Amino acid sequence: MKKLLIVTALLALPFTASASEFVGQLAPNFKLMSQNGSYKSLEDYKGQWLVLYFYPKNNTPGCTTEAKKFRDNYEKFKAINAEIVGVSLDDNESHKGFSKQYQLPFDILSDTKKSAAESYKVLGGFGPVEYTKRETFIIDPAGGIVYHFEKVSPSEHATNVMAKLKELQKDLG
């Protein structure tokens, strides 16, 4: 039994390591349109902490819950020098409506060409349907990825990100 556990653990190592391959690396740059029609790049958020969250689709239950939780906690994030940015493959018109309907105070970026999703390795799908996986990256003020959430619960995510961000800020300064 002990040997089986060791073999299982060893087999899982490559998958565990790939999950955090971004941590310690510079965040891939992007240039995407926000819901207000302006282009945003990673450089626009330099000097502050960035919570870059990818989500599958506007106006779906999980994505709406996640966005509203970030909205409801937005001022708390701003108070600790952190900006929230959402990204999905939805077009800008969809983002405008989604942002307006739920009064989102942060940028929602359209990745219709899938460039950011591919750079951050969050492009998912089945058959002809593609979407961004629900994953989040915490990027430090210098542009380095310091944490990667691969598993996200939409209703708890904003709270979990806030806790991790405070921990990172305390540890990393």
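What share of the contacts in the chain with a separation of 6 or more comes from residues 24 or more positions apart? Here are some notes on this predicted model, starting with that point.

1. Residues 24 or more positions apart make up 65% of the contacts counted at a separation of 6 or more. The chain carries six helices and nine strands.

2. On burial and surface: 46% of the 173 residues count as buried. The accessible surface is about 9,400 Å², and carbon and sulfur atoms hold 55% of that area.

3. Now to the sheet. Seven strands form an open sheet with mixed pairing, in the order β2-β1-β5-β4-β3-β8-β9. The edges are β2 (39-41) and β9 (145-149); each has a single partner strand, so one side of each has no neighbour in the sheet. On average, neighbouring strands are turned by 30° against each other, direction ignored.

4. Tyr-53 has Thr-136 of β8 as its bridge partner.

5. Two helices deserve a look alongside the sheet. Helix α4 (residues 92-101) packs on the sheet and touches β1 (31-34), β4 (82-88) and β5 (107-110). The direction of α4 makes about 160° with that of β5.

6. Helix α6 (residues 157-172) lies across β3, β4, β8 and β9. Relative to β9, helix α6 runs at about 155°.

Notes:
Residues are numbered from 1 along each chain as its sequence is written. This is a predicted model: local features need pLDDT of at least 70, side-chain atom pairs count only at pLDDT 80 or more; totals for chains, interfaces and linings use all residues. Side-chain values use heavy atoms; hydrogens and water are left out. Helices (H or I, at least four residues) and strands (E, at least two) are DSSP runs, numbered from the N terminus. Buried means under 20% relative accessible area, exposed over 50%, partly exposed in between (1.4 Å probe, protein chains only). Contact means heavy atoms within 4.5 Å. Accessible areas come from the Shrake-Rupley method with a 1.4 Å probe; for residues, only the protein chains shown count as cover. Two strands pair if DSSP finds at least two bridges between them. Axes are lines fitted to C-alpha atoms, for helices over the stretch in contact, and angles run from 0 to 180 degrees between N-to-C directions.
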